[in-house]
Amino acid sequence: MLDPRHRDPQVAIQSPLSLFIDGQWRKPDSDALLTLVSPVTEQPFARFAEGDTRDIDRAVDAARRAFDTGPWPRMPAAERSDLLARVADLLEARLPELASAWTVQVGAPIGLTRHAVAQAPQLFRFYAQLLRGTPLVDERTGAKGGRVRVVREPVGVVAAITPWNAPLVLLCYKVAAALAAGCTVVAKPSPETPMDAWLVAECIEAAGLPPGVFNVVAAGRDVGDHLIRHPGIDKISFTGSTAAGRHIGAVAAQRMVRTGFELGGKSAAILLEDADLAQALPSLVPYSMPITGQVCFSLTRILVPESRHREIVDAYVGAVAGIRVGDPFDETTQMGPLTMARQLQRVQDYIARGREEGARLLLGGGRPGHMPSGWFIEPTVFDEVGVGMTIAQEEIFGPVVSIIGYRDLDDAVRKANATIYGLHGAVYTADAERGYALARRIRSGSVTVNGLIVDPTMPFGGFGQSGLGREGGIEGLDAYFETKTVYFA
Ligand code: NAD
């Protein structure tokens, strides 16, 4: 028996058939609707308003007015901070709904989403507090002794474009920081997972932020393309695929629109010869394929020393074989389905490619026998993967892990760095400082020694084609400021 929440996720959204523009829930320009489909039942469970280019124009106009003439960017920082803290409280009160929304739309296990949604209020609270401690005007003395004020001003109207895999948290990274800086926002969530943005908008509305400061228009990429080209936008903050990021970067360059990119990954976990497997497996197993591998920082390449290859692979594969795949609303489930039919097709194609190119399939590769419907795929592990193989180079975005052997540390570093990506990584060793030294040689935005940590109060982002700029932490707030120098002659 599947959980009834796949049909009714118990999320009380007031106006799913309206868009949030200029502080009001408004009927969209057209009658088009987004149909949300459960990845478990493969049946529709909700309908939401779909925006078109005219809705984008209205939302950008509202955000522009709110920025150019409204109170938000001019408000004392402490007042803005209080309002953001109120948003955090309101989000906190709705955590069960936020968890349910993530699980029903994406298929992420409720045991995971229930904890992970807490990052939404955490981000609003973090940036509310950080704003209070951030000097916005720096009094300096010029080279010839004159007075100078170096001022941090909000960058302007932000287009916040987010993917479907972690729709709440990825939106809150952007919105909490942008609003704290005094920017106004037009959010364009993915058409497959709009619920979270509606919930965030309801909390922002209830907190009493001025009209136009935050707007939501859910739509697909064509309408999104209108947003990124809109002359009223000052910054595009994009999380999604590297392919879309390249396109958006090229468009943004025409007007020198500011950009922030959080893109794909192919992160490596390096186990050193002295790694303690009992200590490593509890993080390595879930984080090599979290949310069915649909997480940008998944540790999808595991680099093992030749001297311990067999032992490590046996232990890892044994643990992965024990992952409980099933209904994501079941408390005991560790892995749900893939989110969309096209995701299942994509992952199956990569598994076929891995086999064709000569990697050795150790585990999985097909549909789990006990889940006859839904977009389920077994946790899949390939051994003897060459660094040049497609499955070692491209982001699969599914539960497919490549085991890659290495001879010595230099070989491990070379292989870890041998992709276009550089998002995250992990090093497992008995000697933390040795792990740190190795972390410094990995070309990626973050590395965890002996585990996997992504802390929203710390910077996160990519080297190489995994992105540009950072979200989270102090750096995440800086991304929404322009620097202005005022001289007193
Ligand atoms: P995607 O690039 O297809 O879409 C992401 C968002 O961008 C969606 O809202 C989509 O409608 C929109 N979009 C696409 N093309 C656009 C265009 N030309 N103009 C405006 N908007 C456009 O990605 P996806 O399949 O939704 O998400 C999966 C990808 O996201 C993976 O590559 C994953 O690694 C990446 N991701 C990165 C991070 C990170 O923090 N680095 C986090 C989560 C996901």
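**Reading a predicted protein model**

Q: How many positive and negative side chains does the protein have, and how far apart do the centres of the two sets lie?
A: Lys and Arg count as positive and Asp and Glu as negative, while His and the chain ends are not counted; a charge is placed at NZ of Lys, CZ of Arg, CG of Asp or CD of Glu. The protein has 49 positive and 55 negative side chains, with the centres of the two sets 5 Å apart. This is a predicted model, in which local features need pLDDT of at least 70 and side-chain atom pairs count only at pLDDT 80 or more, whereas totals for chains, interfaces and linings use all residues. Residues are numbered from 1 along each chain as its sequence is written, and side-chain values use heavy atoms, with hydrogens and water left out.

Q: How many helices and strands does the protein have?
A: Both are DSSP runs numbered from the N terminus: helices (H or I) have at least four residues and strands (E) at least two. Here there are 16 helices and 20 strands.

Q: Where is the place of Asn450, and why does Asn450 count as partly exposed?
A: Buried means under 20% relative accessible area, exposed over 50%, and partly exposed in between (1.4 Å probe, protein chains only). Asn450 lies in the loop between strand E18 (448-449) and strand E19 (467-468), and counts as partly exposed because its relative accessibility is 23%. Of the 489 residues of the protein, 59% count as buried.

Q: Which residues is Asn450 in contact with, leaving aside its neighbours within four places in sequence?
A: Contact means heavy atoms within 4.5 Å. With those neighbours left aside, Asn450 is in contact with Gln279, Val427, Tyr428 and Thr429.
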